[in-house]
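Welcome, and please get your viewer ready.

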Amino acid sequence: MEHPENNEAYKGLAVNKGVEQPSSVNPYLKRKPKKRRLSVSEFVEGILKGDVTVLSQAVTLVESVKPEHQEVAQEVIEKCLPYSGNSVRVGISGVPGAGKSTSIDVFGLHVLERGGKLAVLAIDPSSERSKGSILGDKTRMEKLSVHPKSFIRPSPSAGSLGGVARKTRETIVLCEAAGFDKIFVETVGVGQSETAVHSMVDFFLLIQLAGTGDELQGIKRGIMEMADGIVINKADGDNLERAKLAATQFRNALHLFPAPESGWTPRVLTYSGFYNIGIKEIWDMIDEFIRFVKENGYFEYRRNEQSKYWMYESINEHLRDSFYHNPKIESMLQEKERLVLNGGLTSFVAAKSLLDTYFDEMKR
């Protein structure tokens with residue numbers, strides 16, 4: 001549109017059109033074509049070849065909550081299943097700040113020096129408020145994260161421990177099919193997560209610290225009973241004597257527990273992840289345990305029990321999801337909750353009413 005100032009009525013005054021403004025989009029920018037989703041057979045082929053990129057994409061599908069992603073993921077897992085089960089799975093736990101990630105970095109390098117491939121699956125705690133995760137474990141595994149024979153995958157717990165534990169177990173299957181013969185599963189810390197991780201590993205390692213007060217304070221008996229080996233970190237310098245004393249206290253405590261089903265007597269060792277002291281002895285202990293349980297048949301028995309456990313867990317999870325996502329139940333829940341809070345119904349009567357409605361819906 002011409003400027004009105006250029007009209008005959010305004011002789012002597014002229015306004016130029018000005019410079020045409022360039023497009024805000026960079027003309028040299030080449031848009032990348034959208035990546036095509038791999039097919040199930042392409043996923044399986046890539047995983048069996050040991051392609052880490054394809055493996056990462058498959059794990060992302062496993063972790064996705066979208067039904068279409070889950071459908072593909074389950075097919076991939078099913079086809080990879082015959083190629084799994086050939087690794088040593090080690091669960092690593094301990095109190096926050098015990099040096100789990102730093103220790104895994106050192107343990108991992110020691111294992112890789114002996115050959116093979118290592119996958120580290122770290123369950124990262126999610127914020128209860130934002131549901132977000134830092135996923136910062138890789139930053140504390142400086143050497144391992146750049147090693148060509150290692151694969152590190154942090155997974156957010158996202159408030160659902162059962163869900164992330166099941167997905168971690170499925171990720172183990174994919175990693176084993178990709179040729180990883182050592183799997184480390186790092187847990188959130190001392191708490192409920194240990195039970196889930198214990199049900200998917202062959203050896204459960206508990207990392208503890210010395211010099212933090214009463215060494216046995218805050219350690220749940222259940223977790224102590226689950227441990228196949230306890231290691232005291234930061235056994236160096238001025239802390240060495242305290243670490244030895246803590247090791248003695250743990251050994252004495254372990255004598256009070258019933259003998260483990262495996263027949264193995266859990267050991268307590270000291271080491272320094274920072275100074276790389278005592279690492280070989282820890283892995284020698286794990287090697288000895290694996291040999292011991294394979295000879296007495298417990299290794300195979302434990303794997304079978306774990307498979308059975310996860311079958312029931314999957315049934316429970318599916319039933320729970322089916323119940324809470326039922327449209328009729330969703331519409332009734334708030335009303336029943338209001339009645340319970342107002343004292344109009346007891347919790348048990350409300351629950352029975354909801355369950356009766358759900359089962360009636362299922363019969364139709």
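Start by selecting D202 and R303 and showing their side chains: the two make a polar contact with each other, at 2.7 Å. Keep in mind as you look that this is a predicted model.

D202 sits in the loop that runs between helix 6 (193–198) and strand 5 (203–209). Is D202 buried or exposed? D202 counts as buried because its relative accessibility is 3%, and the cut-off for buried is under 20%.

Which residues does D202 touch, leaving aside those up to four places away in sequence? Select S87, V88 and R89, then D228, then F289 and I290, and lastly F299, R302 and R303.

Next stop: K234. Look for K234 in the loop between strand 6 (229–233) and helix 8 (240–254). With a relative accessible area of 39%, K234 is partly exposed. Check its backbone too: the phi of K234 is near 60°, a positive value, and the residue is not a glycine. Most residues other than glycine have a negative phi.

For the last stop, select N276, in the loop between strand 7 (267–270) and helix 9 (279–295). Here again the backbone deserves a look: N276 is not a glycine, yet its phi is positive, at about 60°. Is N276 buried or exposed? N276 is exposed, because its relative accessible area is 51% and exposed means over 50%.

Terms used: Residues are numbered from 1 along each chain as its sequence is written. This is a predicted model: local features need pLDDT of at least 70, side-chain atom pairs count only at pLDDT 80 or more; totals for chains, interfaces and linings use all residues. Side-chain values use heavy atoms; hydrogens and water are left out. Helices (H or I, at least four residues) and strands (E, at least two) are DSSP runs, numbered from the N terminus. Buried means under 20% relative accessible area, exposed over 50%, partly exposed in between (1.4 Å probe, protein chains only). A polar contact is a pair of N or O atoms within 3.5 Å; within protein, one must be able to donate a hydrogen and the other to accept it, and residues adjacent in sequence count only if both atoms are side-chain atoms. Contact means heavy atoms within 4.5 Å.
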